[in-house]
Amino acid sequence: PPAIGPERLRERALRALTTARDRTALLTTCVDGPDLVAQHSPLMSPLVWDLAHIGNQEELWLLRTVAGREAMRPEIDGLYDAFEHPRAERPSLPLLPPDEARRYAAEVRGRALDVLENTPFEGRRLTEAGFAFGMIAQHEQQHDETMLITHQLRRGPRALTAPDPEPVAPYSGPSEVLVPGGPFTMGTSTEPWALDNERPAHVRTVPAFHIDTTPVTNAAYRAFIEDGGYDEERWWTPQGWAHIRTHGLDAPLYWRREGGEWLRRRFGVTEAVPPDEPVLHVSWYEADAYARWAGRRLPTEAEWEKAARHDPATGRSRRYPWGDADPAPEHANLGQRHLRPAPAGSYPAGASPLGVRQLIGDVWEWTASDLLPYPGFNAFPYKEYSEVFFGPEYKVLRGGSFAVDPVACRGTFRNWDYPVRRQIFSGFRTARDA
Ligand code: AVJ
Ligand code: FE
């Protein structure tokens, strides 16, 4: 990746690391000790695991790899290696208790800031260090989103609060946009903090297609439910049908019908399902079935990125739908400013050149595509970030949710998960051939 200068690096890295640690502190102090060590779902780690894992990865990449320091506590590395212990077995490990985990992460951070402040990075070392600091800030933010998912799964009274997004008039513009056919540039070779799977930039030719202007709303999804969508095999892939039948699924996660009304539990509070909000907590199977019911389909990953980045006027791919400027609050619902997606049609200032809205922020959007490497992919700095996940088992999600920090969100950013997963902040939009 290309370099940024030492001063900008120090400034950007310090800001990104500090923002991440403030959020980590909030997520690990808003509940008390027993809630930090408990496992709230077998799908997730105890919060105290994420906390020490954040510190351990930072030690590994910033202290040992960048600065060449000795391991601080080599005996704990195995405990916090995500590949050594699956999430379900993490609560039974001899994990550092909350106070020790906090102290360890803080000690690593103190030393990492010393490295950042006092190492005269130059040339190749600057490039590598710059990337490592960016990667670690993103890594912490990714685990902050993971911890927010754990908070949503947790039973019990509300622990987190945030203001709701600004109300907006119901969206009344066109429901879909035509994206012209032809080549566009997908991925990036120039974004300094882009991760390995977003690289390199390469040309893709995508035939013309239509894509929804906004994510699919709760009201639209509810029409699918009430039309018997979960009872009709024809809308589902065979695997999706088997999955919903085996597990008795008939609505998004956290939804519950009471009388004629749909309620949902959201961070310790039960509320009526808001009709204009993008639907949240659906699996790929549910998104795919909805799309078929609607006479449409999920966009491919290339279609999604073309809708988000291609500027038909110049032929260039932008960093974000609104242009090359870093995300600001008027562009997108990011960074856990709110604890929910904003109503469909929000953030007109964040629209793409063709007028597609909310591609960045609000909800992760399932795409039709499996997670595969781009042509010319090179794994770095470690194969376990993305290479080991390539293949047909994982579906790609794009765009980021309200729980994603701007540092970990770009027009090129790729997320992935199993098609059954829905504890993540996942929604979708649909497309069709032109
Ligand atoms: C890219 C979100 C799928 O959380 O499993 C965190 C990110 N990788 N630590 C995940 C990640 C290593 C990863 N996702
Ligand atoms: Fe991790």
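Donors are N, O and S atoms within 2.8 Å of the metal (3.2 Å for Na, K and Ca), and since water is not among the atoms, sites may look incomplete. I start my notebook with that term, as the metal site was my opening stop.

**Ground rules.** This is a predicted model, where local features need pLDDT of at least 70 and side-chain atom pairs count only at pLDDT 80 or more, while totals for chains, interfaces and linings use all residues. Residues are numbered from 1 along each chain as its sequence is written, chains are lettered from A and ligands numbered from 1 in the order in which they are written, and side-chain values use heavy atoms, with hydrogens and water left out.

**Entry: the iron ion.** Which residues hold the iron ion (ligand 2)? I found His53, His139 and His143 as its protein donors, each through NE2, at 2.1 to 2.2 Å. Along the chain their spacing reads H-x85-H-x3-H. His53 sits in helix α3 (residues 47-66) and His143 in helix α5 (residues 123-153), so this pair links parts of the chain 90 residues apart; helices here are DSSP runs of H or I with at least four residues, strands are runs of E with at least two, and both are numbered from the N terminus.

I then looked at the angles: the four donor atoms make angles of 90 to 172°, and the site is irregular. Four donors count as tetrahedral if all angles lie between 85 and 135 degrees; four count as square planar and six as octahedral if opposite donors are over 155 degrees apart and all others between 65 and 115; anything else is irregular.

Are His53 and His143 buried or exposed? His53 has 5% relative accessibility, so it counts as buried, and His143 at 11% does too. (Buried means under 20% relative accessible area, exposed over 50%, partly exposed in between, with a 1.4 Å probe and protein chains only.)

**Entry: helix α8.** I moved on to α8 (residues 284-293), where eight of the ten residues are buried. Among them are Trp284, Tyr285 and Tyr290. The buried residues pack against α6 (218-226), α7 (238-247), β8 (364-371) and β9 (391-398), with contact meaning heavy atoms within 4.5 Å. After α8 comes Gly295, with a positive phi near 75°.

**Entry: cysteines.** How many disulfides are there? My search of the whole structure gave zero, a disulfide being a pair of cysteine sulfur atoms within 2.5 Å. Cys30 counts as partly exposed because its relative accessibility is 21%, whereas Cys409, at 1%, counts as buried.
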